[in-house]
Amino acid sequence: MTDVQITEIKNSPSCRFINLMDRNASDTFAREVGDGLAAPEKYIHSKYIYDAYGSELFDQMAQEKNYYLVHAEMAILTQFSAEIVSQLADNTVLIELGSGSAAKTRRLLDALLHKQGATLFCPIDISGDFLQENVRRLSADYPDLNILGIIADFDSGLAGLADHIRQPKLLLCSDIGYVDRVKAASLLREKIIPALTPDDRLLLGIDLKKEADLINLAYRCTDKGDSLRHRFATNVLHHINRQLGGTFVPENFQRHCFYNEDVGRVEIYLKSLRDQQVVIEDLGQTFSFKAGELVRLHYSYKYDQDDIQQLAKSAGLQLTQQWFDDERLYSLNLFSVLEAS
Ligand SMILES: C[S@@+](CC[C@H](N)C(=O)[O-])C[C@H]1O[C@@H](n2cnc3c(N)ncnc32)[C@H](O)[C@@H]1O
């Protein structure tokens, strides 16, 4: 944990950034893309969708009426932020994993500032330019907020940060659904819990199982011609072309998405529209795609109450309180670490 290289890229009294995406980040990007495209069932990690353009496209999707996830979470935070914050130790620092534009987080920040005055907020996001722009905006809107933006992958960002913060922490994460439920528990156990002390809390956004039609509508699974979703999904190919010298032709792929009700997850793929070959210069490798072949981009697992309880138990967390929106579409779950007996 302690050997993480911290480089400050901008300093001002209340708004600072640390960039943990060093030269190795580009090697990691190349290696992970190479591993995914060489796998028997091809995949590309969805985190690579998020450069500044990908983040902007996500924000546009988040505003769509049917994308209930963001609206439901916003409704919960609007109604319950004061109650959530009342459960925290004094002088708590808010750390957000995958903060994006941190639009909903403003509700929590309002409540924290109201309760304790001066507050430190540490958003962690892989999308560096987008993070910096949003942190500067936030800083202008919240003069009393002290902000430390961390440009990093979750793991390195949290590990790098945990060693530097001596105050109680609230760790906010709006998405654990991108890995299956067993992996989610190990992720919490291995990456999140080591960064938490008994005074700290984890606030986890978890999307709930519901009728397939609502989910398919939210993710626009049946609308093959949706240009915004197509641009969002294929942005990962542009990103690879630009950063790794790839020769993807994004128009030769189509977004393919459905809710797998048996497993309780949304599945999002890029489908190759023809037999084709793609060179990735930085890897010195050529990858072949058959017409109709799928490249997995993203899973989004949904939970019911038993799944949430099971997640807490397997991870070694205590579920202390939950909040839901009026339609019970989405949940915010407050956890503490189980004291060792
Ligand atoms: C679906 S968006 C959600 C943004 C925001 N939390 C919200 O709910 O509106 C996911 C965010 O997490 C970031 N992200 C995805 N994978 C990441 C990773 N492995 N490490 C750090 N940030 C990541 C993306 O850049 C993006 O800003």
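Start by selecting Asn 235, which sits in helix α9 (helices, H or I with at least four residues, and strands, E with at least two, are DSSP runs numbered from the N terminus). This is a predicted model, in which local features need pLDDT of at least 70, side-chain atom pairs count only at pLDDT 80 or more, and totals for chains, interfaces and linings use all residues. Residues are numbered from 1 along each chain as its sequence is written, and side-chain values use heavy atoms, with hydrogens and water left out.

**Stop 1: Asn 235 and Asp 51**

Asn 235 has a relative accessibility of 2% and counts as buried (buried is under 20% relative accessible area, exposed over 50%, partly exposed in between, with a 1.4 Å probe and protein chains only). Show its side chain together with that of Asp 51: a polar contact of 2.7 Å joins the two. A polar contact here is a pair of N or O atoms within 3.5 Å; within protein, one must be able to donate a hydrogen and the other to accept it, and residues adjacent in sequence count only if both atoms are side-chain atoms.

Leaving aside residues up to four places away in sequence, Asn 235 touches Ile 49, Asp 51, Tyr 53 and Gly 54 (contact means heavy atoms within 4.5 Å). Now move to Asp 51, in the loop between α1 and α2. Asp 51 is buried, at 12% relative accessible area. With the same exclusion of residues up to four places away in sequence, Asp 51 touches Ser 127, Asn 235, His 239 and Arg 242.

**Stop 2: the aromatic rings**

Next, colour the rings of Phe, Tyr and Trp (its six-membered ring); they pair if their centres lie within 6.5 Å, and planes under 30 degrees apart count as stacked, over 60 as edge-to-face and the rest as tilted. By this rule there are twelve aromatic pairs. Select Tyr 50 and Phe 232: their ring centres are 5.7 Å apart and the planes stand at 70°, so this pair is edge-to-face. Tyr 50 belongs to the loop between α1 (23-38) and α2 (52-62) and Phe 232 to helix α9 (residues 227-244), so the pair ties together parts that are 182 residues apart in sequence. Tyr 50 is partly exposed at 27% relative accessible area, while Phe 232 counts as buried at 11%.

Phe 58 is partly exposed, with a relative accessible area of 24%; Tyr 67 counts as buried at 9% relative accessibility. Select Tyr 219 as well to complete the cluster, in which ring pairs link Tyr 50, Phe 58, Tyr 67, Tyr 219 and Phe 232.

**Stop 3: the ligand**

Centre the view on the ligand. It is surrounded by 14 residues, the closest being Gly 98, Lys 104, Asp 125, Asp 153 and Phe 154 (a residue is near a molecule if one of its heavy atoms lies within 4 Å of it). The shell divides into five nonpolar, four polar and five charged residues. Ala, Val, Leu, Ile, Met, Phe, Trp, Tyr, Cys and Pro count as nonpolar, Asp, Glu, Lys and Arg as charged, and the others, Gly among them, as polar.

A polar backbone atom of Gly 98 is 2.8 Å from a nitrogen atom of the ligand. At Gly 100, a backbone N or O atom lies 3.5 Å from a ligand oxygen atom. At Ile 126, a backbone N or O atom is 3.2 Å from a ligand nitrogen atom. Taken alone, the ligand exposes 590 Å², of which the protein buries 86% (Shrake-Rupley areas with a 1.4 Å probe; for residues, only the protein chains shown count as cover).

**Stop 4: helix α7**

Select residues 181-192, helix α7; its buried residues are Ala 184, Ala 185, Ser 186, Leu 188 and Ile 192. These buried residues pack against β3 (93-97), α6 (154-162), β6 (169-173), β7 (201-207), α10 (305-315) and β13 (317-324). At the N-terminal end, Asp 180 caps α7, with a side-chain oxygen 3.0 Å from the backbone nitrogen of Val 182.

**Stop 5: two backbone angles**

Most residues other than glycine have a negative phi. Asn 91 has a positive phi, near 65°. Look for Asn 91 in the loop between α3 (68-86) and β3; it is partly exposed, at 40% relative accessible area. End at Arg 328, whose phi is also positive, near 55°, in the loop between β13 and β14 (330-337).
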